[in-house]
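Please read the points in order, with the model open beside you.

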Amino acid sequence: MSKRKEEEKRILAEMDEAMRELGGEIQEQTDEQPSAPSQKLYCRRCKTELTANGVCPVCGYRVYMPMDEQKRKKIRFIVATACIVGFLILFFLIK
Ligand SMILES: [Zn+2]
């Protein structure tokens with residue numbers, strides 16, 4: 001009985017650690033300048049292809065760069081994996 005409690009504690013600690021890692025990553029993202037996007041963006045004024053930092057080389061128009069989709073997918077994948085692993089361990093312990 002106490003062994004199961006220990007295991008639960010360990011799982012919770014692991015998930016907590018994963019969440020903290022994610023938090024650090026998100027904070028890092030907000031502090032940084034927007035990174036180069038995977039998809040190409042075009043100027044809304046003159047339709048010229050924008051540079052990596054979202055600035056038009058012709059008219060200087062700046063585009064807001066959202067958080068890139070790859071990073072979001074990565075975070076979702078980590079959270080999902082952590083949850084699945086945790087539940088699987090609990091499932092086998094209860095069984
Ligand atoms: Zn332009």
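1. Start at Phe92. This residue is exposed, with a relative accessible area of 53%. Buried here means under 20% relative accessible area, exposed means over 50%, and partly exposed lies in between (1.4 Å probe, protein chains only). Phe91 is partly exposed, at 49%.

2. What the model is. This is a predicted model, in which local features need pLDDT of at least 70 and side-chain atom pairs count only at pLDDT 80 or more, while totals for chains, interfaces and linings use all residues. Residues are numbered from 1 along each chain as its sequence is written, and side-chain values use heavy atoms, with hydrogens and water left out.

3. The aromatic pair. Rings of Phe, Tyr and Trp (its six-membered ring) pair if their centres lie within 6.5 Å; planes under 30 degrees apart count as stacked, over 60 as edge-to-face and the rest as tilted. By this rule there is one aromatic pair. The ring centres of Phe91 and Phe92 are 5.6 Å apart and their planes stand at 75 degrees, so the pair is edge-to-face.

4. Overall make-up. The protein has two helices and zero strands. Helices (H or I, at least four residues) and strands (E, at least two) are DSSP runs, numbered from the N terminus. Of the 95 residues, 16% count as buried. The protein exposes about 7900 Å², and carbon and sulfur atoms supply 58% of it. These areas come from the Shrake-Rupley method with a 1.4 Å probe; for residues, only the protein chains shown count as cover.

5. The zinc site. Which residues hold the zinc ion? Its protein donors are Cys43, Cys46, Cys56 and Cys59, each through SG, at 2.2 to 2.4 Å. Donors are N, O and S atoms within 2.8 Å of the metal (3.2 Å for Na, K and Ca); water is not among the atoms, so sites may look incomplete. Angles among the four donor atoms run from 103 to 124 degrees, and the site is tetrahedral. That label requires four donors with all angles between 85 and 135 degrees.

6. Zinc site in sequence. The donor residues are spaced C-x2-C-x9-C-x2-C. Cys43 and Cys59 are 16 residues apart, and both sit in the loop between α1 (2-31) and α2 (69-94). Cys43 is buried, with a relative accessible area of 1%. Cys59 is partly exposed, at 34%.

7. The core. The largest nonpolar core has five residues: Cys43, Leu50, Cys56, Tyr61 and Val63. Such a core is a set of buried Ala, Val, Leu, Ile, Met, Phe, Trp, Tyr and Cys residues joined through side-chain atoms within 4.5 Å. Beyond its neighbours within four places in sequence, Tyr61 is in contact (heavy atoms within 4.5 Å) with residues including Cys43, Leu50 and Cys56.

8. Lys47. This residue lies in the loop between α1 and α2. Its phi is positive, about 65 degrees, although Lys47 is not a glycine. Lys47 counts as exposed, at 61% relative accessibility.

9. Reach across the chain. Glu21 is in helix α1 and is exposed, at 57%. Its C-alpha atom is separated by 9.9 Å from that of Ile75, 54 residues apart along the chain. Ile94 is in helix α2 and counts as exposed, at 58% relative accessibility. Ile94 and Arg4 are 90 residues apart in sequence, yet 8.4 Å apart in space, C-alpha to C-alpha.

Note on methods. Four donors count as tetrahedral if all angles lie between 85 and 135 degrees; four count as square planar and six as octahedral if opposite donors are over 155 degrees apart and all others between 65 and 115; anything else is irregular.
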